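User: Hello! Could you walk me through part of a structure, one question at a time?

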Amino acid sequence: MAYTLFGQDPAVNQFTCREKPGLFRRLFRPAGLAFGILIGAMSLFGIHDAQAADSAADNAPQTLMLYGDSLMAGYGLSHEEGFAPRLEAALRDAGHNVKVINSSVSGDTTAAGLARLDWALVDQPDMVLLELGANDALRGVEPARTRENLDAIIGKLRDRDVAVLLAGMMAPPNMGKEYGAEFNEIYPELAAEYQLAFYPFFLDGVAADSSLNQDDGIHPNADGVKLIVERILPKVIDVLEADS
């Protein structure tokens, strides 16, 4: 079978190969050079892409998930007046690139919060601000049950290496001294057990102040939310910086 090179007769190919061996070097040197340039360019682009990916990762915002009840969900307020947008704005004003996800649900108890936690963690937050238990106290849930639920929530967050800021709650006075004493101990004891960052009372400075609450006397108004953000902000920043 006759093979041809570049469409030439075999005799011509034989003569060319014997008499002019440098021809192939001249023919293929430019192709080899071009191939080398292509490989080099691909390598450079690969390095550039990796550097760009690293830079994007460095510039990606930290994700803070709010996990609570109506006190953080923004009950009775416009979106702009709610805790989540005000906290995010305060963090950015303080120079922190943070995305706040509000996974709070009005009416949630600690049991409801535990039941929906796996679904909420699909957002893969870097940090969770945990504020649950007020509805337990209002409903007279046994403090031991509230403790068990919060313990399970914290355990799941720790298992996923999520930083936690635990916001404490206090039982209303009408529940009685015995109930109040048992309930109020839950938060500092869990914080100590898990060595969590701890904000002792989410409604600090706001509870029982009619000028800072809505007409129901329970939920903070816009001014109340503003004060809560101001007071809790340093603790939130401490946890974010420790986690970065």
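This is a predicted model: local features need pLDDT of at least 70, side-chain atom pairs count only at pLDDT 80 or more; totals for chains, interfaces and linings use all residues.

User: How many residues of strand 3 are buried?
Analyst: Strands are DSSP runs (E, at least two residues), numbered from the N terminus, and strand 3 covers residues 127-131. Buried means under 20% relative accessible area, exposed over 50%, and partly exposed in between (1.4 Å probe, protein chains only). Met-127, Leu-129 and Glu-131 point one way, Val-128 and Leu-130 the other, and all are buried.

User: Which residue in strand 3 is the bridge partner of Gly-68?
Analyst: Two strands pair if DSSP finds at least two bridges between them. Strand 1 (residues 62-68) runs parallel to strand 3, joined by 5 bridges. Gly-68 has as its partner Glu-131.

User: Which residue of strand 4 stands opposite Met-127?
Analyst: Strand 4 (residues 163-167) pairs with strand 3 in the parallel sense over 4 bridges. Within this pairing, Val-128 is partnered with Val-164, and Met-127 faces Ala-163.

User: Which residue of strand 5 is the bridge partner of Leu-165?
Analyst: On strand 4, Leu-165 points the same way as Ala-163 and Ala-167. Strand 4 pairs in parallel with strand 5 (residues 197-199) over 3 bridges. The partner of Leu-165 is Ala-197.

User: What is the relative accessible area of Glu-185?
Analyst: Glu-185 sits in the loop between helix 9 (177-184) and helix 10 (186-194). Glu-185 is partly exposed, at 41%.

Key: Residues are numbered from 1 along each chain as its sequence is written. Side-chain values use heavy atoms; hydrogens and water are left out.
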